[in-house]
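Okay, thanks for making time for this one.

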Amino acid sequence: MTQLGVYGRGMGILRHPDFRRLWAADLLSQLGSRLSMGAIPLLAVLTLNASTLQVSLLRTCETAAWLVLGLFAGAWADRIRCRPVLVYADLLRALLFASIPIAWWFDVLTLTQVYAVLVPAGILTVLFDVAHTSYLPRVLERDRLLPGNAKLAANQSIAAVIGAGASGLLVQWLGAALTIGLDALSFLWSALWLRSIRTPEAEPVRPELPNLRREIGEGMRYVFRHPVLRPLALNTMTTMLFQAAAGAIMVVYLVRGVHLQPATIGVLGMIGLLGAIVASAVTEKLSSRYGDARTLLLSSTGIGVAFTVQALTAPGWMVSWFVVGTLLAGFCIIVSYILQVSTQQRLCPPELQGRMSATMSFVSWGAAPVGSLLGGALGTAFGLHTTLWIAGLGTLAGNAFLYLSPIRTLHTIPAEEVAH
């Protein structure tokens, strides 16, 4: 039994010093990333006068690495210790994002530089995210993965709420470039906390004859032959595709279509994302009462409803639909995320965790750059408001993968194979 598992049962996961260090590293890093997520499109729109398509390319640059490296990162993570990867990825991302406020200070910042920062930062994010997902099961017992993931998901919720409001306010107060500089500091914070973790990480058993193509194929076959993981992957891919399409143009629409100030956008987003905090607190209770399969099905459906509701956003009192949609989306996304990640980690054998995680991330996050380009193209061709409707209805339709799978008939997803 791992030391973390003992503390998880008896005293609560956060009372174990090393999990608390992991949690602290994740919290401020998530907050800094949320600040950048809000500040970068505002920098492009308000400071660099970017077009709708140029703004959508920002998210494409940030997520395109999943298409190129996602699967390789999974096979790689199964061969190495993950903590050093987490530390070095944080340090290098700190340097990259620090270059934006420095260039702005000397009045040489261009949109090209922002793209040039986001591409390598996206590569580092792929390595970090795959290693981070593979790291937790190495130190946490399987029956503690759900509460462990819930604690980390709570960080996402808190960061989403605080970051959404703070990014708009800080952009209006400090400017977008300096707000991005705060993200660089958050990566330094994360690296220091990760470096202080003392629990030894065992060296993974490496294959006698390494074959990267074969190892990647094993991970993909495991996911796409699995009756539960396959529909989860396809549903998440569709959701990410249309969510990215909406996200790529939402700030442009709120600034140029609804005529909101950065601080107002931040405050409205902060109110809406309170649902994410509630979700991180109640997911375990919902899963215990209604079953993880049913809760997962309903939360995934709720995401589609939420993005469709957001498409009702318009000037005046119709802005309230943005808040309602964001509130529902924040709640359902976090519930779905906790249950999906915990299900994946519980079903998958240890030797395939990295490759399974990378395959799931490749399928979902690989759709993000395509969705961002789709959002920019549709927004340019048909208008921003029409594109939001397409994204909402497309997300809702993606739930067909779950309703046509064995998940629809289950109450609780077992750890063993589910019949087709």
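So, the chain has 18 helices and zero strands, where helices (H or I, at least four residues) and strands (E, at least two) are DSSP runs, numbered from the N terminus. Before going on, the ground rules: this is a predicted model, where local features need pLDDT of at least 70 and side-chain atom pairs count only at pLDDT 80 or more, while totals for chains, interfaces and linings use all residues. Residues are numbered from 1 along each chain as its sequence is written, and side-chain values use heavy atoms, with hydrogens and water left out.

How much of the chain is buried? Of the 420 residues, 57% are buried. Buried means under 20% relative accessible area, exposed means over 50%, and partly exposed is in between, with a 1.4 Å probe and protein chains only. On contacts (heavy atoms within 4.5 Å): take the ones between residues at least 6 apart in sequence, and 87% of those join residues at least 24 apart.

Now two helix pairs. Take helix α10, residues 229-257, and helix α13, residues 292-310: their axes come within 11 Å and cross at roughly 20°. Angles under 35 degrees count as roughly parallel, over 145 as roughly antiparallel, 65 to 115 as roughly perpendicular and the rest as oblique. α10 and α13 are therefore roughly parallel to each other. Their crossing is left-handed, meaning the near helix is turned anticlockwise from the far one by less than a right angle; clockwise would be right-handed.

Who meets whom there? From α10 you have L232, N235, T239, Q243 and M250, and from α13 there are L296, S300, I303, F307 and Q310. By class, that contact between α10 and α13 has five nonpolar, five polar and no charged residues. The classes go like this: Ala, Val, Leu, Ile, Met, Phe, Trp, Tyr, Cys and Pro are nonpolar, Asp, Glu, Lys and Arg are charged, and the others, Gly among them, are polar.

Stay on Q310 for a second, in helix α13. Q310 is buried, with a relative accessible area of 7%. Which side chain does the side chain of Q310 make a polar contact with? That would be T326, at 2.8 Å. A polar contact here is a pair of N or O atoms within 3.5 Å; within protein, one must be able to donate a hydrogen and the other to accept it, and residues adjacent in sequence count only if both atoms are side-chain atoms. Leaving out neighbours within four places in sequence, Q310 is in contact with M250, W321, F322, G325 and T326.

The axes come within 7 Å and cross at roughly 135°, so α16 and α17 are oblique to each other. This crossing is right-handed. G375, L378, G379 and F382 from α16 meet L384, T386, T387 and I390 from α17. Sorted by class, that contact has four nonpolar, four polar and no charged residues.

Also in α16, which spans residues 367-382, is V370. V370 is partly exposed at 43% relative accessible area. V370 touches L67 and L241, again not counting residues up to four places away in sequence. V370 and L57 are 313 residues apart in sequence but 9.9 Å apart in space, C-alpha to C-alpha.

G266 is buried at 2%, and G266 and A166 are 100 residues apart in sequence and 6.5 Å apart in space, C-alpha to C-alpha.

Next, S190, which is in helix α8, residues 176-195. Buried or exposed? At 1% relative accessibility, S190 counts as buried. The S190 side chain makes a polar contact with the side chain of D90 at 2.5 Å. Beyond four places in sequence, S190 touches A25, S29 and D90.

Last stop, backbone angles. N49 has phi near 55°, a positive value in a residue other than glycine. N49 is in the loop between α2 (17-47) and α3 (52-63), and is exposed at 63%. H259 also has a positive phi, near 65°. H259 lies in the loop between α10 and α11 (262-272) and counts as exposed at 58%.

Technical notes
Axes fitted to C-alpha atoms, helices over the stretch in contact; angles between N-to-C directions.
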